[in-house]
Number of protein chains: 2
Amino acid sequence: MKTISSMAPKKFPEVLRIDGVRLAAHSVGLKEEGSLDLLLVGLDENTAVGGVLTQSSMPSASVDFCRENLRFGKAKALIVNSGNANAFTGPEGGVAVKRIAQKTAKVLSVESASVFVASTGVIGEQLPVSPILDALLPLSKKLAEDSWHQAARAIMTTDTFPKGATCKTNINGKEVRISGIAKGSGMIAPNMATMLAFIFTDAYLSPKLVQKMVSNSVAKSFNCITVDSDTSTNDCVLFFATGMVGNDEVTSINDPFLKEFRRALDLVCIELAHQIVCDGEGATKFISITVTGAVDFPAARRIAFSIANSPLVKTAVAGEDPNWGRIIMAIGKAGEQVARDKICVKLGGVEVARNGSPIKKYDEVAVVNHFKGEKIDIDVDIGLAKGEATVWTCDLTQSYVRINADYRS
Amino acid sequence: MKTISSMAPKKFPEVLRIDGVRLAAHSVGLKEEGSLDLLLVGLDENTAVGGVLTQSSMPSASVDFCRENLRFGKAKALIVNSGNANAFTGPEGGVAVKRIAQKTAKVLSVESASVFVASTGVIGEQLPVSPILDALLPLSKKLAEDSWHQAARAIMTTDTFPKGATCKTNINGKEVRISGIAKGSGMIAPNMATMLAFIFTDAYLSPKLVQKMVSNSVAKSFNCITVDSDTSTNDCVLFFATGMVGNDEVTSINDPFLKEFRRALDLVCIELAHQIVCDGEGATKFISITVTGAVDFPAARRIAFSIANSPLVKTAVAGEDPNWGRIIMAIGKAGEQVARDKICVKLGGVEVARNGSPIKKYDEVAVVNHFKGEKIDIDVDIGLAKGEATVWTCDLTQSYVRINADYRS
């Protein structure tokens with residue numbers, strides 16, 4: 001079966017080194033196939049950190065730990081394992097994450113409160129701690145500035161390709177860099193959990209600004225994608241700013257000198273988010289859904305997600321069937337204010353419904369051909385106000401069910 | 001592929017006649033295969049009616065019309081077509097439903113405000129009115145008390161079997177009957193929309209009581225099922241009481257003489273709701289999800305639905321994989337108050353997780369065998385308070401995707 005992996009980068013991109021960021025990956029046997037499953041990142045001592053963690057009421061032990069340390073805004077190390085989520089593991093899971101953080105702090109001679117921990121994998125199984133502890137010292141000796149590809153591989157679970165994005169931008173004319181890695185292929189994959197993303201810059205930014213910027217960019221990127229509507233216990237996006245580049249200090253998020261940088265951060269996050277959708281389990285189509293004319297941005301996003309998460313819309317796209325009645329159904333169930341008789345719908349740019357009624361004659365051939373492609377555009381105008389949002393998803397195929405039903409735990 | 005249709009009635013039940021209810025079905029060519037697609041029901045002139053209509057913000061023209069007439073609480077006729085939903089059809093759709101109601105009123109010599117109209121089928125196509133109008137007079141001459149089976153067939157879309165339920169009960173010792181028919185196989189089927197149910201009794205009840213009782217029973221039955229989380233533009237449950245049996249007048253819903261009747265109405269609604277789940281598109285398993293210990297009933301139901309609608313839970317059941325980590329994930333994303341470290345989970349009655357941690361040794365063989373059966377029981381205790389709810393759903397199989405993706409409109 002074809003997939004939209006063809007839309008993903010043909011090979012892992014040349015991720016730019018970030019001054020103050022050194023990475024190392026290792027295999028400690030958490031994954032059956034024995035591939036890389038542990039990532040250590042060493043960070044310059046002045047690194048500011050901000051993050052967005054899962055809204056699940058069943059957060060993993062590592063998410064609990066990160067939430068605690070994010071209060072201080074400073075990071076000196078990041079340790080990530082794949083193959084086990086350390087979620088729903090009770091007090092034993094909490095002890096596990098503390099032991100790992102403490103040992104990481106020890107081998108790098110930093111405080112445990114500046115260590116960040118993330119996990120992804122099976123839920124409800126205790127994390128084997130000893131092999132991770134044993135690996136930390138050798139890992140700390142391998143830290144290198146150019147290990148991005150290995151790092152991206154070490155955090156994969158059912159991902160079919162490693163995900164990375166990178167760019168150069170500037171703050172008041174001073175060149176700065178942003179590089180990131182991510183994983184995810186299904187909001188939560190078979191037994192393997194989680195969307196993770198780690199983004200790094202050499203810019204000099206206060207912890208407060210770092211937190212605000214990552215929250216803003218996540219809202220426009222990772223929080224605008226869905227594969228199957230399922231939210232992981234371990235979702236975690238962390239943004240680290242090492243400050244090594246020594247740009248002028250910027251104190252306000254609205255500072256005009258930050259404009260280009262913020263745009264660049266958005267683009268890196270969106271690029272990583274799109275790579276996750278392209279790797280959606282069983283996906284064959286990349287779907288962009290734009291809702292305009294809603295009462296506000298949250299309403300527009302909820303309507304867009306109602307369409308993006310509808311199994312009937314997703315199966316119609318899988319079947320290359322421009323069955324827009326299902327889009328109407330999905331708008332209707334969103335629970336948002338709409339005016340039925342003002343709604344307009346476009347498929348691939350061709351208007352098929354206007355002011356609450358079907359259009360009798362439209363270019364059906366163009367629409368059918370659009371649905372045969374790999375990129376599907378759905379535009380809905382609610383006709384009420386100025387709220388707009390775009391979300392991205394993939395289709396729902398028999399392969400999704402096969403991957404999640406037939407591959408036993 | 002096997003289906004859980006085996007759990008559905010082997011043949012259409014002997015639905016009891018209801019004094020004051022006469023039915024007739026016909027084919028007017030709205031469905032491609034030329035099967036029955038129009039149902040007319042004549043009701044005694046003293047019939048009280050109550051109903052529950054879709055919460056979709058994109059209601060069909062027929063739902064708009066019923067909402068208007070429900071204010072009066074009196075019904076003398078019901079006309080239902082399958083094959084076209086008359087939804088998202090603009091002013092033309094509104095005119096269509098009025099013309100059909102007026103002609104129905106004329107051939108039966110009743111007022112248009114006592115006619116109820118329901119439609120199910122493709123969204124966004126204008127309803128062909130003329131063949132329906134032409135059929136009304138001949139249909140009115142065929143009305144008969146025993147045409148339940150044909151009636152149930154005439155409202156089917158992608159249903160694989162007609163759905164009916166019936167029982168005898170009493171009000172203060174006087175025997176009364178309840179009979180109903182329903183359709184649905186997917187909250188909204190491929191191009192075909194809707195869950196419809198029509199329930200009739202010969203009991204004498206005020207319109208106010210009828211409305212209260214149907215709202216209560218729907219909350220415990222039709223509003224506790226989900227096939228794919230998609231909500232139709234046309235969902236409609238109507239409950240008609242002809243009063244022909246002449247029982248003592250009952251004025252309060254809390255009257256002890258109503259207790260048995262209310263329980264019987266619940267059972268008829270639950271039986272019809274279960275038949276819909278058993279006919280879920282591609283379904284092979286019937287899943288009962290009970291949540292206890294939530295803060296209240298709405299919270300319990302939302303948590304249960306979060307589990308019931310999770311594609312990862314549904315595919316795990318399809319794969320006969322007791323992967324309860326996915327249940328934890330689904331509880332976590334429900335957005336309800338929970339205490340992670342108090343949660344207990346049972347599969348087929350066997351406890352697999354207790355107080356927020358996995359149970360190290362449980363009877364895995366019993367759980368695996370339970371998942372090989374057709375009826376799957378998932379019990380979750382939140383451990384906070386007394387709120388509890390049960391919802392019913394089916395698994396998500398490759399057949400669901402095939403039915404909805406590969407069968408083009």
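Okay, quick word on terms: two residues are in contact if their C-beta atoms, placed from the backbone, lie within 7 Å. With that, the contact here takes 53 residues from chain A and 52 residues from chain B.

This is a predicted model, so local features need pLDDT of at least 70 and side-chain atom pairs count only at 80 or more, while totals for chains, interfaces and linings use all residues. Residues are numbered from 1 along each chain as its sequence is written, and chains are lettered from A, ligands numbered from 1, in the order in which they are written.

Back to chain A's side. H11(A) gives the largest share, 6 residues; helices (H or I, at least four residues) and strands (E, at least two) are DSSP runs, numbered from the N terminus. By type, that side has 19 nonpolar, 23 polar and 11 charged residues, with Ala, Val, Leu, Ile, Met, Phe, Trp, Tyr, Cys and Pro as nonpolar, Asp, Glu, Lys and Arg as charged, and the others, Gly among them, as polar.

Now, symmetry. Superposing by least squares on C-alpha atoms of residues with pLDDT of at least 70 in both copies, chain A lands on chain B with an RMSD of 0.0 Å, by a 180° turn and a 0.0 Å shift along the axis. So the copies are related as by a two-fold rotation axis. In chain A, the C-alpha nearest that axis belongs to Gln398(A), at 2.4 Å.

8 of its 8 residues are buried, so H9(B) is largely enclosed by the rest of the structure. Buried means 20 or more other C-beta atoms within 10 Å of the residue's own, again placed from the backbone. The cover includes strand E5 (115–122) of chain A, plus helices H7 and H8 of chain B.

Notes. A residue is buried if 20 or more other C-beta atoms lie within 10 Å of its own, exposed if 12 or fewer, and partly exposed in between; C-beta atoms are placed from the backbone.
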